[in-house]
Amino acid sequence: MAYQSINPFTNQVEKTFENTTDEELEQTLTTAHQLYLDWRKYNDLEERKRQILKLGQILRERRVEYATVMSKEMGKLISEAEGEVDLCASFCDYYAAHADEFLQPKIIATTSGRAKVLKQSLGILVAVEPWNFPFYQIARVFIPNFIAGNPMILKDASNCPASAQAFNDAVKEAGAPAGSLTNLFLSYDQVNKAIADKRVAGVCLTGSERGGATVAKEAGANLKKSTLELGGNDAFIILDDADWDLVEKVAPAARLYNAGQVCTSSKRFIVLEKDYDRFLKMMKDAFSKVKMGDPLDPLTTLAPLSSKKAKEKLQQQVATAVENGAKVYYGNKPVDMEGQFFMPTILTDITPDNPIFDTEMFGPVASVYKVSSEEEAIELANNSSYGLGNTIFSNDSEHAERVAAKIETGMSWINAGWASLPELPFGGVKNSGYGRELSSYGIDEFTNKHLIYEARQ
Ligand code: NAP
């Protein structure tokens with residue numbers, strides 16, 4: 001497998017990275033395991049808190065430099081990349097501030113004696129991460145697990161090696177000991193080998209269902225815990241009492257942010273019959289105003305897709321949708337630019353027998369559905385293999401909340417597009433995976449809840 005940094009705006013190969021050898025993997029496992037043992041022995045949480053705060057400081061000081069690396073490597077807008085670096089820095093502050101609270105022993109009420117549960121580290125984790133948020137995805141798993149005392153081996157996407165290495169180097173610069181985070185350029189076989197190694201305690205993956213199923217199978221075969229953050233086909237539901245000024249402000253960006261390459265992008269817009277034409281027109285107006293161009297230019301509003309492969313896949317998916325009866329309301333025309341640009345597209349008339357009905361499209365393609373009632377909207381939202389997130393618009397927060405509770409997803413956002421903050425648990429159900437990242441839930445995933453019990457004599 002070639003680890004290559006190819007700029008999707010210029011199509012230039014910027015750098016190729018050497019694959020990790022088996023000896024380097026073994027060396028990394030040895031160092032990381034020793035670190036796990038040392039951390040258990042000396043429990044230097046205070047030191048790790050200082051190091052993670054230092055990482056936050058480095059990220060803030062060099063945000064433009066890191067943002068540029070990401071932008072050149074997978075094409076995201078520079079403003080979005082800078083926001084991503086800031087968000088990662090906020091994770092550092094959050095976990096340093098809450099480390100003691102999250103890891104403190106819990107006293108269990110029992111009349112039978114004395115009981116408490118310690119939260120202890122488990123060992124080395126393997127993290128397999130995607131390219132769409134090159135820093136954020138690593139930060140989401142590394143920072144809580146570093147605080148918990150779990151060293152991490154990182155296998156990042158093969159099209160984002162420079163970003164992964166930059167994050168790795170920032171951690172090193174923050175003073176984290178060798179083995180805390182080691183970015184390796186691993187083959188799939190080596191990932192399996194690492195998962196099977198007895199020094200490794202678990203694996204977390206963010207990515208596709210295909211990748212997730214393969215890695216989870218390997219974890220299961222070796223009785224290792226896994227967490228999976230997979231794709232989504234999130235519904236954006238506009239209820240009868242929605243504030244349309246807000247809908248118009250949020251809906252286009254909910255689909256186009258990061259060129260539509262977000263697991264929690266709103267992908268299926270579910271609109272009542274009476275609002276359908278108005279919604280389509282509003283989306284078309286917004287989509288037709290985007291400015292494609294150099295992601296490093298602050299005036300650009302729509303970035304290229306991350307790679308040629310990503311563009312070809314999306315093109316094929318739209319073709320499949322149309323072959324099976326979907327209508328193109330707007331877009332789907334070739335873009336006469338060198339980079340991997342995809343014209344924002346609006347599809348309608350997608351019926352449940354269309355293969356695209358239950359397929360995630362990872363790019364600037366909005367599917368719009370017409371429904372005649374709120375019940376139908378909920379039913380349609382739930383008619384999906386995925387269960388990551390959804391967005392609900394209503395002037396009445398309690399009404400929105402009641403609808404949200406009926407939707408089978410891990411997350412619901414009310415009157416706003418999707419959001420990720422350090423204190424909010426992130427994750428899905430159904431084919432969108434299992435486990436949670438961020439918040440106290442995230443740090444709990446890979447800790448041993450160790451019961452200490454003494455029965456009353
Ligand atoms: P992908 O192909 O599964 O790749 C993700 C990562 O998994 C990459 O590092 C990839 O390595 C690795 N990988 C894939 N198959 C593997 C295998 N058999 N063994 C070991 N490693 C393997 O996913 P993608 O299509 O690039 O990423 C986009 C997907 O991620 C979308 O579906 C998106 O919705 C999802 N996503 C989910 C979340 C969430 O939090 N739920 C967040 C972001 C993205 P290579 O690059 O070397 O193939």
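**Entry 1: helices at the ligand.** I began with the secondary structure around the ligand. Helix H5 (136-148) and helix H8 (209-221) each supply at least two residues of the shell around the ligand. I noted that H8 gives the most, with 4 residues. The model I am working from is predicted.

**Entry 2: the shell.** I looked up the residues around the ligand and found 28. Those that come nearest are Trp-131, Arg-140, Tyr-188, Ser-208 and Glu-360. I then sorted the shell by residue type. The shell divides into 12 nonpolar, 9 polar and 7 charged residues.

Entry 3: I went through oxygen atoms of the ligand next. A polar side-chain atom of Ser-208 lies 2.5 Å from a ligand oxygen. For Arg-210, I read 3.2 Å between a polar side-chain atom and an oxygen atom of the ligand. Gly-207 takes part through its backbone: a polar atom there is 3.3 Å from a ligand oxygen.

**Entry 4: burial.** I checked how much of the ligand is covered. Taken alone, the ligand exposes 900 Å². The protein buries 91% of that area.

**Entry 5: location.** Which pocket holds the ligand? I find the ligand in the largest pocket. I also asked where the ligand lies relative to domain 1 and domain 2. Domain 1 covers 3-230 + 432-455, and domain 2 covers 234-421. Both domains give residues to the shell, so the ligand lies between them.

Key:
Residues are numbered from 1 along each chain as its sequence is written. This is a predicted model: local features need pLDDT of at least 70, side-chain atom pairs count only at pLDDT 80 or more; totals for chains, interfaces and linings use all residues. Side-chain values use heavy atoms; hydrogens and water are left out. A residue is near a molecule or strand if one of its heavy atoms lies within 4 Å of it. A polar contact is a pair of N or O atoms within 3.5 Å; within protein, one must be able to donate a hydrogen and the other to accept it, and residues adjacent in sequence count only if both atoms are side-chain atoms. Accessible areas come from the Shrake-Rupley method with a 1.4 Å probe; for residues, only the protein chains shown count as cover. On a 1 Å grid over the protein atoms alone, a cavity is a set of points where a 1.4 Å probe fits but cannot get out, and a pocket is an open set with protein on both sides within 12 Å along at least five of seven lines; lining residues have an atom within 4 Å of a point. A molecule sits in a cavity or pocket if more than half of its atoms lie within 2 Å of its grid points. Ala, Val, Leu, Ile, Met, Phe, Trp, Tyr, Cys and Pro count as nonpolar, Asp, Glu, Lys and Arg as charged, and the others, Gly among them, as polar. Domain bounds come from an automatic or database domain assignment.
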